[in-house]
Amino acid sequence: MSESRLESVEIEKSLLGELLMHPEIADELKIQDRDFSNNVLKEIFRRIISMRREGEPVDIITVSACFTNQTKAEISCLTSFATVFWRDYEIKLIEMSRRRTLMRMAKEILEDAGKRSSAETADRLEAVLMLLADRHDTDIRQASEVVADFLSALEKKYEKGGVLDGVPTHFPCMDDLIDGFHDGEVTVIGARPGSGKTAMAVQMAKNQATAGTKVAIFSAEMSGELLVARSISGSSMIPAEALRTGKFATMYDFDEVKLQATKLKALPIWIDDTPGIDIAQLERSAKLLYRRNSIQILYVDYIGLISHTRADM
């Protein structure tokens with residue numbers, strides 16, 4: 001498919017025509033100038049948005065005054081394309097723009113694949129995937145909307161009698177304090193060295209996985225095998241030293257270890273113990289885990305050991 005098939009001057013004119021008739025819709029638009037395929041119409045859009053932001057009146061006369069005669073003739077015809085379905089047209093233009101950009105990026109990646117390292121190519125592919133997921137939306141909301149959403153959520157909790165709203169850690173005292181884990185939140189476990197932060201995190205992950213939550217653990221401090229040993233030691237009450245040396249007090253201890261290992265194998269837990277992992281690698285791996293396995297909670301042990309560059313900051 002060529003890029004020309006992902007362009008529609010008529011739709012672009014319809015949106016501009018509606019903007020000239022009703023400039024106030026500019027405050028609701030998500031479309032940007034880069035989404036226009038026609039350069040002349042793109043410049044007209046930029047001017048309208050600029051005038052609107054500066055509080056200047058926007059109509060055919062005021063906008064036309066900013067351009068040459070040839071463009072003035074173009075502007076004079078735009079209102080005949082105006083439509084009340086501008087929202088639908090905006091969605092179509094954004095979608096076509098995204099597809100055009102993806103086509104160009106994919107072409108560039110294919111052409112440069114032989115000149116770049118696999119890591120660089122992977123980074124560029126990741127950028128394409130992120131663009132595909134982009135909706136041109138922002139998280140900016142008026143305070144009144146945020147307050148309304150908060151009260152609505154609080155009312156639902158109240159009606160449920162204060163029932164736990166997030167994903168529980170299954171540590172009652174912890175859940176009472178933080179109301180479980182919630183989407184978009186970052187929870188930091190902080191304590192003195194050697195006080196059991198990793199053991200606690202692993203046990204929380206295990207509790208959540210046992211309840212059906214899909215969990216991933218990034219371990220920059222110890223190997224996956226050592227994490228597993230800690231988990232089995234905690235659930236079987238077998239000393240960690242016995243799991244390291246294989247010297248069990250009784251044959252029943254080894255049977256218990258095998259039983260706990262079998263239970264652990266069945267849980268939806270993924271472990272990445274890549275040594276020296278950096279922020280970019282962690283991000284790629286986390287996104288891959290999410291796409292392939294719909295990971296719900298991600299643990300990082302611990303964030304201070306994740307290497308980074310100034311560009312990651």
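Modeller: Helices (H or I, at least four residues) and strands (E, at least two) are DSSP runs, numbered from the N terminus. This is a predicted model, in which local features need pLDDT of at least 70, side-chain atom pairs count only at pLDDT 80 or more, and totals for chains, interfaces and linings use all residues. Residues are numbered from 1 along each chain as its sequence is written, and side-chain values use heavy atoms, with hydrogens and water left out.

Biologist: How many bridges join strand S1 to S2?

Modeller: Strand pairing needs at least two DSSP bridges. Here 4 bridges link S1 (residues 215–219) with S2, and the two run parallel. The open sheet has 3 strands, in the order S2-S1-S3, with parallel pairing.

Biologist: Why is one side of S2 and of S3 left without a neighbour in the sheet?

Modeller: S2 (269–272) and S3 (297–301) are the edge strands with a single partner each, so one side of each has no neighbour in the sheet. On average, neighbouring strands are turned by 15 degrees against each other, direction ignored. Such angles, from 0 to 180 degrees, compare N-to-C directions of lines fitted to C-alpha atoms, for helices over the stretch in contact.

Biologist: Which helix packs on the sheet?

Modeller: Helix H13 (residues 279–293) touches S1, S2 and S3, and its direction makes about 160 degrees with that of S1. Contact means heavy atoms within 4.5 Å.

Biologist: What lines the largest cavity?

Modeller: On a 1 Å grid over the protein atoms alone, a cavity is a set of points where a 1.4 Å probe fits but cannot get out; a pocket is an open set with protein on both sides within 12 Å along at least five of seven lines; lining residues have an atom within 4 Å of a point. The largest cavity is lined by Thr198, Ala201, Val202, Ile217, Leu227, Tyr299 and Asp301. H9 gives the largest share of that lining, 3 residues.

Biologist: What about the largest pocket?

Modeller: The largest pocket has a volume of about 1400 Å³, counted as the space filled by probe spheres set on the grid points, which are joined across faces, edges and corners. It has 36 lining residues, and closest to its centre are Val186, Thr187, Leu298, Tyr299 and Val300. H9, H13 and S3 each supply at least two lining residues.

Biologist: Where is confidence lowest, and where is it highest?

Modeller: The predictor's confidence in each residue is pLDDT, from 0 to 100. Helix H6 (residues 118–133) is lowest, at a mean of 71, and helix H3 (residues 60–64) is highest, at 92. The protein averages 83, and 91% of the residues score at least 70.
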